[in-house]
Amino acid sequence: MEKEIGEVSTYFGHVGVAAIKLSGKLKVGDKIKIKGHTTDFEAGVDDVQIDRKSVKEAKKGDHVGIKVPEKVRPNDKVFLVE
């Protein structure tokens, strides 16, 4: 089951990090799926950062950075895989 928990706002290619505006909760250890026009993959969440500081958990409204294995694009949807 998948639940939408956010949207990609920016992708930093040189470090492989997606900036995501959360509409739900995200924590270290979660599995996410990122989907868009040309994006479709699942990834584990090893680290969640807010303002370049690692946090265990982030909530709705937070703007987080997470490392992703593939290129993502603004407006790609982020889902929590349960």
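How far apart are the mean positions of the positive and negative charges of the chain? Select the charged residues: the mean positions of the 16 positive and 14 negative charges are 3 Å apart. Lys and Arg count as positive and Asp and Glu as negative, while His and the chain ends are not counted; each charge is placed at NZ of Lys, CZ of Arg, CG of Asp or CD of Glu.

This is a predicted model, in which local features need pLDDT of at least 70 and side-chain atom pairs count only at pLDDT 80 or more, while totals for chains, interfaces and linings use all residues. Residues are numbered from 1 along each chain as its sequence is written, and side-chain values use heavy atoms, with hydrogens and water left out.

Next, show the chain as a cartoon. It has ten strands and zero helices (DSSP runs numbered from the N terminus: strands are E, at least two residues; helices are H or I, at least four). The C-alpha trace spans about 30 × 30 × 20 Å along its principal axes.

Now colour by accessibility. Of the 82 residues, 38% are buried (under 20% relative accessible area; exposed is over 50%, partly exposed in between; 1.4 Å probe, protein chains only).

Then select the loop between strand 6 (48-50) and strand 7 (53-55), where Asp-51 lies. Asp-51 is not a glycine, yet has a positive phi of about 50 degrees; with 66% relative accessibility, Asp-51 is exposed.

Move on to Arg-52, in the loop between strand 6 and strand 7. Its phi is also positive, near 65 degrees, and at 79% relative accessibility Arg-52 counts as exposed.
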